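Here is a set of questions and answers on one protein model, meant to be read beside its sequence and structure.

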Amino acid sequence: MHRLIAPNKDESALLPQFLELPEQAIHIPQTEAEFEAAFRAINAEPVLGFDTESKPLFNVGQHDSGPHLVQLATTQQAWLLQLHLPMALELSRKVLAAEHICKVGFGLDNDKHTLPRRLGVPLVNIQDLDSRFKQLGYGASVGVRAAAALVLQQSFRKSKRTTTSNWAAVDLTPAQRRYAANDAHAPAVIYAHMTAWESTVPVQPQRRRHNPQA
């Protein structure tokens, strides 16, 4: 199989910008009523975009207490669950262990390792979209930026400064809220368009194995 090449960062930047969620579509539940409303909305969804954020570690030997934030999103809205809140922990447990909800994202290997330890439950029905692109003939780690360029023909941009910000903060900044929400929103949108896009990807010929006994 010939390796397909995903758009690089410069090529992606030439595309129209990814349509981010408006502020009013980003929910950060704090009260019991807000968590109940979040659960009702989330539990009714068959597919959710999924990601996590952790406070960065800058010193060798520093204890990693993350992840500190779980992000869940549909194509229309997102929920940011701050795991220092007991109700956020409980909601995350229910959703990530739910068999009827498919959670989709990119580069989820670390999440699969750290989240069960943090939440105390196994992750169920998780789909790393990198593996789906790999099956089509792309590299092992396409990532959300290149995937948005391929599937949506849009430029998904991530602020490096926000990436390394304090995700354990009690009060997230507007930039953090936008960044975190769209890191889960983008996989949800990409997933919604993937089946139609996959039908346009040329089938890659399988590499013929040499049989010395033939």
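Buried means under 20% relative accessible area, exposed over 50% and partly exposed in between, with a 1.4 Å probe and protein chains only. The model is predicted, so that local features need pLDDT of at least 70 and side-chain atom pairs count only at pLDDT 80 or more, whereas totals for chains, interfaces and linings use all residues. Residues are numbered from 1 along each chain as its sequence is written, and side-chain values use heavy atoms, with hydrogens and water left out.

Q: What percentage of the residues in the protein is buried?
A: The protein has eight helices and six strands, these being DSSP runs numbered from the N terminus (helices H or I, at least four residues; strands E, at least two). Of its 214 residues, the buried ones make up 46%.

Q: Which strands are the edge strands of the sheet?
A: Six strands form an open sheet of mixed pairing, in the order E1-E4-E3-E2-E5-E6, where two strands pair if DSSP finds at least two bridges between them. An edge strand pairs on one side only, and this applies to strand E1 (26-27) and strand E6 (126-128).

Q: At about what angle does the direction of H5 stand to that of E6?
A: H5 packs on the sheet and touches E5 and E6, a contact being heavy atoms within 4.5 Å. Axes are lines fitted to C-alpha atoms, for helices over the stretch in contact, and angles run from 0 to 180 degrees between N-to-C directions. On that basis, the direction of H5 makes with that of E6 an angle of about 50°.

Q: Do E5 and E6 run parallel or antiparallel?
A: Strands of a sheet pair through backbone hydrogen bonds, in either of the two arrangements. Gly105 stands opposite Asp128 in E6. Three bridges join strand E5 (residues 102-105) to E6, and the two run parallel.

Q: Which side chain of opposite charge is nearest to Asp130?
A: Asp130 is found in helix H5 (residues 129-136), and it is buried yet has no salt bridge, which would be a side-chain nitrogen of Lys or Arg within 4 Å of a carboxyl oxygen of Asp or Glu. Lys and Arg count as positive and Asp and Glu as negative, while His and the chain ends are not counted. The nearest side chain of opposite charge is 9.6 Å away and belongs to Lys112.

Q: Is Asn182 buried or exposed?
A: Asn182 lies in helix H8 (residues 174-198), and its side chain reaches the backbone nitrogen of Leu21 at 3.0 Å. Not counting residues up to four places away in sequence, Asn182 touches Phe18, Glu20, Leu21, Phe156 and Pro187. Because its relative accessible area is 2%, Asn182 counts as buried.

Terms used. Polar contact = N/O pair within 3.5 Å; in protein donor to acceptor, adjacent residues only side chain to side chain.
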